[in-house]
There are 2 protein chains.
Amino acid sequence: MAERQARVESALSTALPDTSHAPQRLHDAMRYAVLGGGKRVRPLLAFAAGELTRADADRVAQAAIAVEMIHAYSLVHDDLPAMDNDVLRRGKPTVHVEFDEATALLVGDALQSMAFEVLAQPGLADDAATQLRMLGILAAASGSRGMAGGQAIDLDSVGRPLELPQLEFMHILKTGALIRASVNLGALCGRHDETAMHKLDHYAKCVGLAFQVVDDVLDADASTATLGKTAGKDAAANKPTYVSLLGLARARELADDLRADAHAALAGFGSEADRLRQLADYIVRREF
Amino acid sequence: MAERQARVESALSTALPDTSHAPQRLHDAMRYAVLGGGKRVRPLLAFAAGELTRADADRVAQAAIAVEMIHAYSLVHDDLPAMDNDVLRRGKPTVHVEFDEATALLVGDALQSMAFEVLAQPGLADDAATQLRMLGILAAASGSRGMAGGQAIDLDSVGRPLELPQLEFMHILKTGALIRASVNLGALCGRHDETAMHKLDHYAKCVGLAFQVVDDVLDADASTATLGKTAGKDAAANKPTYVSLLGLARARELADDLRADAHAALAGFGSEADRLRQLADYIVRREF
């Protein structure tokens, strides 16, 4: 896993514009936002899915960093004063604190463009039509019926009593969509058939939801120092979470049920799916 | 021109998510940001370039609205308090005034995703490889070495004495990149050769710069009511402009020189380039 994370870091560093190129301050802030931190869960999922379809690892690395750029931009915008107003991310000051708000806004905007620029480079799939499909998947997962839409629902939910189905709908968009895209994009870099894609997508849905349930558990349970971001802020903001709706014990059970569902979705595969199985376990059992 | 503008409006309205779909407030704000206003200069350029390559008009309409969504998102983010802090756009309250800042942020983010989603729909060019090229062009034109980069330089330039070459570099990124993309994308929807693409790109560079020079002239010269946005704000913000560097008369001359250059770039074409010629005239001679 550490080897994959290092590979992602290196690919991101190569793809991001050098700080010697104008506009230098913007490029400096883009590198600050993306490099040197994060668990890189989405790239790891892309690599694991690419392993299943025997995809070329250089291709998968490009798809993986495209997804990670979308993720990184969303964190930068999420942390802005108009949104979550957070000052700490991955143990460092957030981008608008380290630079300024206008720069943070543009960093997010430019990272989103760059994700699609990376994914549009020729040769990331066996044919250009498949690569167009990959671009369509990433764009839909990022937009108003994906990640950005989930954030809009999240904002509207502060202080309101969401029911469990609404909370789930919010997270399916906010976190789930991009995690599904990671798995789908990684697999599409290699030789895939639609039956396998369908199973992988089901796996990705379970893992995406489990990821969020565990996030809620950790936010309620861990310290700011361990998380590298402000802990307990959901409760402080009176935001509904799996923990506030289910309690800590049942939220943990739900995460483990989803882990089991993710394994079940992979039942038809052999050892080529082992990395995906390990990641489902890692995502549920992680402590930060 | 009115017929083309109506076609763009209709294509945008069809492509944008309906307000009956969740998240409704976000979708409502996205439609508010995009529909019912604007000169649609970029789509008109895409249509004119598509006419030159005998492109199918339905294809061009999709490419055109993709570019317009990028343009619309940039206006929403540009108007935010952390950027230009503007309250009026196209004669209406800006998105963060009519809705709120967080919604305006997400509207811009989601519109950018949607632009790439629209452009990734299959069938917009004769082959998928050309369409990948189109996606790469739009992404590069939007990012840190395109529009977003130009905005970063613009922010850094407030109150600083920019020289003419630096002002030009800023505008080539901030406005020029997306105008070039409009022309290139429209042409790529049809049967193109690289010689024609090269000429068209030169035309687009001249028109892009002329567009900005005229914007500066109008900002210094016209009223808020005529423009539908706050007039005189560049001077108020002590921003360098073509007018502040050259004076009004020489700025007008420069715009007309660029118009002549744009015509010269099209010299090898016949009547199939007439619409492009008309647009170069319109962009330089418009009064708002």
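How many residues does the contact take from chain B and from chain A? The contact takes 43 residues from chain B and 43 residues from chain A, where two residues are in contact if their C-beta atoms, placed from the backbone, lie within 7 Å. The structure is a predicted model, in which local features need pLDDT of at least 70 and side-chain atom pairs count only at pLDDT 80 or more, while totals for chains, interfaces and linings use all residues. Residues are numbered from 1 along each chain as its sequence is written, and chains are lettered from A and ligands numbered from 1 in the order in which they are written.

On the side of chain B that touches chain A, helices H2 (24-34), H6 (101-119), H7 (128-142) and H8 (147-157) of chain B each supply at least two residues; helices (H or I, at least four residues) and strands (E, at least two) are DSSP runs, numbered from the N terminus. H6(B) gives the most to this side, with 11 residues. By class, the side of chain B that touches chain A has 25 nonpolar, 12 polar and six charged residues, with Ala, Val, Leu, Ile, Met, Phe, Trp, Tyr, Cys and Pro counted as nonpolar, Asp, Glu, Lys and Arg as charged, and the others, Gly among them, as polar.

Helix H8(B) is largely enclosed by the rest of the structure, because nine of its 11 residues are buried. A residue is buried if 20 or more other C-beta atoms lie within 10 Å of its own, exposed if 12 or fewer, and partly exposed in between. The buried residues of H8(B) include B:Met147, B:Gln151, B:Asp154 and B:Leu155, and what covers the buried residues of H8(B) includes helices H2 (24-34) and H6 (101-119) of chain A together with H4 (57-78), H7 and H9 (164-188) of chain B. Just after H8(B), B:Gly159 takes a positive phi of about 75°.

Leaving aside neighbours within four places in sequence, the contacts of B:Ala210 include B:Ala255, B:Leu258 and B:Ile283. By contrast, B:Lys199, placed in helix H10 (residues 194-221) of chain B, counts as partly exposed, because it has 19 C-beta neighbours inside 10 Å. B:Lys199 touches B:Ala265, B:Leu266 and B:Gly268, not counting residues up to four places away in sequence.

In chain B, the axes of helix H3 (residues 41-52) and helix H15 (residues 274-285) come within 8 Å and cross at roughly 155°, axes being lines fitted to C-alpha atoms, for helices over the stretch in contact, and angles running from 0 to 180 degrees between N-to-C directions. That makes H3(B) roughly antiparallel to H15(B), since angles under 35 degrees count as roughly parallel, over 145 as roughly antiparallel, 65 to 115 as roughly perpendicular and the rest as oblique. By class, the contact of H3(B) with H15(B) has nine nonpolar, no polar and two charged residues.

In chain A, H9(A) and helix H10 (residues 194-221) pack at an angle of about 135°, with their axes 8 Å apart, and H9(A) and H10(A) are therefore oblique to each other.
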